[in-house]
Structure formats: C-alpha cells, structure tokens
Amino acid sequence: MKKHIVFTLSASLLLAACASAPKTVTPQHTVQEYMAMTDEQLNTASKAGDVLAGKELGLRYLKNKDTAHYKDAFKLTKKAADAGDAQAKYGLFQFYTSGTGTTKDLNKGFKMLQASAEDGYAPAQFDMGVYYHENRVAKDYAKSFAWYKKAAEQGHTMAQLNVGGMLHSGEGVTKDDAESMLWYKKSAEGGNTSAMFNLGIMYSNGEGVEKNPKEAIKWFSAAADHGHAKGALIAAMLYRDEKDYANALKYAEVAAKNGNPSAKQMLGMMYLKGEGTKKDEAKGLTYLTECLNEGNYYCGQTLGMTYYLGTDVKKDYAKAQDWFEKASDKGDALSTFMLYNMNEKGIGVAKDEAKAKKFYDRLAASSLRNKEAKEIMADIKGYQEKYSK
C-alpha cells in the first residue's frame, strides 16, 4: 500500500481567516459581516469605496457561476487586488487562468498566484507547491516543498498532507518518516481523509513509528467514517482478520456502496458463511455476481470454487462450471484451468475432450502474458503433446 500526495489546485475563494493573516487592505467590516451581506448591500458598499465588499461580491459571482456578472466580478476583484489584497490576487489568478470575465492569460495568472502566495495567502502557497511539483513551471521539488510547508504551517490540510508525503518519499527534502507522521496527524486532525488513510498505512508498516495494528485500524476506520472507500475496505479486512465480523460487515458495506468490487467479494463470502449476519445465500450470490460483472474475475473464481468444493453451499458441479466460465471469459487463469481439468477428466460433467482442448488452448495463449497462467501451464504434465497436434 502506498501513500500519496494530492496535487489538486485549491478552489477556495471564500473570505477565510489564516493562522498568519495574509496582506489585505483595512477592512470596514468583519469577515462574517461581509459574508452576511446581500449582493445589493455589497454593491452599495463597493460603490462607496469599500474594495473588500467589491471583492466579496466579485468572488461570490464567480463561486455562484453567475455568468451574467463575470466581467463585473473580474473588475471588482482586480480593484481589490490592485489595492493589495492577497485573496483578490488569488482570485485574479483564477480569472486569468480560466479566461473567466477576461482574456485568458496564463502568465498573468501565474504572476497573480505568486504575488498572492508571497503575501501569505495559504491556498495560493499550496498551489505554488502544485505548480512546482507538477512541472506547470520548471519542476523543482525543493521549491514545491517550501511552498507546501508555508501553507501547511497556516493549517492548510491538503498542504499538510503533501508535506507529509514529500517527507516520506524524500522528494525535495531529506526523508524523515517520523516528521512525516506529525504532518499527517495535523492534516488528519483537520479532517483530511487521505491523511487518515496514510496514518493507517504508517502504523501498519511501522514507518516513522512502531507497528501498531490497533492504531492502524483506528485511522483506517476514521478515514472510512469520512467516506474513504479504500480505507473502508482495509478496515473491513483487518476487522475480519480479527474475527470482529460485525465491524467487518459494516465497513465492507461502506466500501461496496462506494463501488469497490473487492468489498462486494468480501460481503458475498460473509453472507454465504453467515459472518456477522444471518447466513443468506441469495444475498451472497448477488454481491458476488455484481462483483464479477464489474470486472473482478476473482468473484467468479470464488463462486466456482465454492460450488466445486461444496463449502458454504451445496456442491454443484454444473454451477461451478458456469461460474468458472464467466471468470475465464474475463481472463482468470485458475478458472480456465479448472474448466480444462473438469472436462478432460470428466469431473462433475461429461468428459469432453473438445472443450478440454478449448480451455487448454486459452490457458496456453494467456500464459504468454499472464504469470499465473504460465505457472499453471508448467504444472500440467503430459498434455502439451496431446493437444499440440
């Protein structure tokens, strides 16, 4: 499991307080008062010379996608930027780079972004980090890290996540897993679900901290509780390993609702076995079928082996063959082998050498690109000569 850095540009245009306030002009009202004003009140205040009221109105037009007022929005925001307001400069960066309300100009946009960042506006500092990291300007990991850290120190949770990620990877800074953990925790405590997930990984692997399965599952569960699908899947797996089937079922269902086919595979088997719930073969089969239809051939393989061995359901070779065929059609080497073996030896089905050859040939073809198929082919003794004629 790998940790990751998030490169998405900030989109914050709200009047938000920073730990270290960015440059602005002297306000005539509090942030809350500006935000509470109607458009008409802001317009009146702007005409009376309050550039921050104009900025709030301009950015509100942009946020609300009020296309009829985009040109006005640009002019009002530019007036506040020209007066020295850092957030307005960041607004101009977005106007210029998108061509909203003005002619698109990436160079002017970057200059406004840099000016806003230098004036202490955290979203701009974060985006400067993204620009240097993603090669939108000359790639420079050291500069990227420096800008992320400036934003992170102001409480920007995405920047805190990326500082943690770069400290972990050693990009632009000396690798330091212990320091990485601290930044992930700051980001997680601020509500960032990716940071919660990364903490789970760090505690699982013992990176920057001693291995601690309880802390790992705590952070994976926290990420899941905030909608992180992969965190939910891993939490479900860990709870199932501990035989805490109630929580395993809970988090597997969270992951499944977010479209994770592996979670549906787990749910299918849990309902077939009655783990954390009443045994429900119909529901188990529904989850496994959905999983297979979404491209996870292991679900077809699982069902095929379940019917073939008679575990958790009544042994049924016809159903086993049906599920093996579905999985084989999606590229599963083991299912293809099972079909070859059943038809060649007549296990549970009428012996059929033509079908056996068909699945042998499929397995042979896939062995050229599939490691599992290649290993299976190596285990088949005495048949290559028979079927190569």
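Buried means under 20% relative accessible area, exposed means over 50%, and partly exposed lies in between (1.4 Å probe, protein chains only). I applied these words to a predicted model, where local features need pLDDT of at least 70, side-chain atom pairs count only at pLDDT 80 or more, and totals for chains, interfaces and linings use all residues. Residues are numbered from 1 along each chain as its sequence is written, and side-chain values use heavy atoms, with hydrogens and water left out.

**Entry 1.** I looked up salt bridges (a side-chain nitrogen of Lys or Arg within 4 Å of a carboxyl oxygen of Asp or Glu). The structure holds 14.

**Entry 2.** I turned to Asp119, which pairs with Lys89 in a salt bridge; their closest N and O atoms are 2.5 Å apart. Asp119 sits in the loop between α6 (106-118) and α7 (122-133), and Lys89 in helix α5 (residues 86-98), so the pair ties together parts 30 residues apart in sequence. Helices here are DSSP runs (H or I, at least four residues), numbered from the N terminus. Is Asp119 buried or exposed? Asp119 is buried, at 12% relative accessible area. Lys89 is buried too, at 14%.

**Entry 3.** I checked Lys78 and Asp82, whose side chains form a salt bridge (3.0 Å, N to O). Both lie in helix α4 (residues 70-82), four residues apart, about one turn of the helix. Lys78 is partly exposed at 29%, and Asp82 is exposed at 55%.

**Entry 4.** I found Lys273 in a salt bridge with Asp312, closest N and O atoms 3.0 Å apart. Lys273 lies in helix α15 (residues 261-273) and Asp312 in the loop between α17 (297-309) and α18 (317-329), so the pair links parts 39 residues apart in sequence.

Methods
Helix = DSSP H or I, 4+ residues; strand = E, 2+ residues; numbered from the N terminus.
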